[in-house]
2 protein chains.
Amino acid sequence: MLIEIDFSSDEAIYQQLCNQIILGIATSRFTDGEELPSVRQMADEIGINMHTVNKAYTVLKQEGFVKVDRRRGAFISVDDRNKERARTLVEKNLRVLLAEARCRKLTRSDIFALVEQICDEYGM
Amino acid sequence: MLIEIDFSSDEAIYQQLCNQIILGIATSRFTDGEELPSVRQMADEIGINMHTVNKAYTVLKQEGFVKVDRRRGAFISVDDRNKERARTLVEKNLRVLLAEARCRKLTRSDIFALVEQICDEYGM
DNA sequence: CACCTGTTATATTATAAGTATAACAGGTGG
DNA sequence: CCACCTGTTATACTTATAATATAACAGGTG
């Protein structure tokens, strides 16, 4: 499973968990249809509370990354609806991120190198 | 000044304020050396508490976007130290952002188009 | 029937955000 | 000197959220 949580981070645990799973999907470490550990099992593995995992799963479900089957439990199921909404969200976040990059004197080439590298990693 | 705060957002007000100012610097709406409204004046303009503005200024000061002179008050002063740390931070955030983009079926071209557009806006 | 699944409810603690009021040190201009 | 501005600090309060804890429920599985 390999979920890494930074307990000294200012980012919420459930948020880190969501990000890790989304990162896992993008890097094909998680495949469509793959089962996720139960909320209790995942909580035990990481050493956190069941409800924290449940919140992450609920968020991922609402965002269309996870579905639940009573018989099987939670599993990866990527819903590719809302491409335009996703583009708008990415654009907004990108705008903030690149603003800070520019202020820090990162160049256009610096940015493109990073984007290219990550796209390659994700097989885009 | 033109600071826009979304009070229904889940993003903290002081964080939105920081982002707006960084965005302003990147788009040259704020120039190096330009004075910022005092914490009390800015708070009045936006309709929020003085301490919320003070927190934003303090964060920006720590991050090297703002300096303070007793005589003049707060003003823009971009410190371009820590380019490598900035690159690491951008890379980490970019990785999460592009992971979600990929899951939403945004293509490499989609991403590059967005990055190109924003870089152009910022004159990078 | 025991055991697992997600889900819900409730309560508690801790932390952070935002507001409110007040005061202090220090520079500015009348 | 004095009123007025600046950032800064301190304190207190309210609110919201995160995280934990304990418990229970509906439903599928062996």
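**Reading aromatic, DNA and strand contacts in a predicted model**

Visitor: Lys55(A) lies over the face of which ring, and at what distance from the ring centre?

Guide: The model is a predicted one. Lys55(A) is placed over the face of Tyr14(A), 4.5 Å from the ring centre. In chain B, Arg29(B) lies over the face of Phe30(B), at 6.0 Å from the ring centre.

Visitor: How many aromatic pairs does the structure hold over all chains?

Guide: There is one aromatic pair over all chains. The ring centres of Phe112(A) and Phe112(B) are 5.5 Å apart and their planes meet at 55°, so the pair is tilted. For the classification, planes under 30 degrees apart would count as stacked and those over 60 as edge-to-face.

Visitor: Why does the pair join two chains?

Guide: Phe112(A) belongs to helix H5 (residues 108-121) of chain A, and Phe112(B) to helix H5 (residues 108-121) of chain B; the pair therefore joins two chains.

Visitor: Are Phe112(A) and Phe112(B) buried or exposed?

Guide: Both Phe112(A) and Phe112(B) are buried.

Visitor: Which atoms of Ile13(A), Lys55(A) and Lys61(B) lie by a phosphate oxygen of DNA strand D?

Guide: For Ile13(A), a backbone N or O atom lies 2.4 Å from a phosphate oxygen of DNA strand D.

Visitor: Which helices and strands supply at least two residues each of the surface near DNA strand D?

Guide: From chain A, these are helix H1 (13-26) and helix H3 (50-62); from chain B, helix H2 (39-46), helix H3 (50-62) and strand S2 (73-76). By class, this surface has nine nonpolar, seven polar and seven charged residues.

Visitor: In what sense do strand S1 and strand S2 of chain A pair?

Guide: As a general idea, side chains in a regular strand alternate between the two faces of the sheet. In chain A, strand S1 (residues 66-69) and strand S2 (residues 73-76) pair in the antiparallel sense, over four bridges. Val66(A) stands opposite Ile76(A) in S2(A). A hairpin of three residues joins S1(A) to S2(A).

Notes
Residues are numbered from 1 along each chain as its sequence is written. Chains are lettered from A and ligands numbered from 1 in the order in which they are written. This is a predicted model: local features need pLDDT of at least 70, side-chain atom pairs count only at pLDDT 80 or more; totals for chains, interfaces and linings use all residues. Side-chain values use heavy atoms; hydrogens and water are left out. Rings of Phe, Tyr and Trp (its six-membered ring) pair if their centres lie within 6.5 Å; planes under 30 degrees apart count as stacked, over 60 as edge-to-face and the rest as tilted. Buried means under 20% relative accessible area, exposed over 50%, partly exposed in between (1.4 Å probe, protein chains only). A charge sits over a ring if NZ of Lys or CZ of Arg is within 6 Å of the ring centre and within 35 degrees of the ring normal. A polar contact is a pair of N or O atoms within 3.5 Å; within protein, one must be able to donate a hydrogen and the other to accept it, and residues adjacent in sequence count only if both atoms are side-chain atoms. Ala, Val, Leu, Ile, Met, Phe, Trp, Tyr, Cys and Pro count as nonpolar, Asp, Glu, Lys and Arg as charged, and the others, Gly among them, as polar. Two strands pair if DSSP finds at least two bridges between them.
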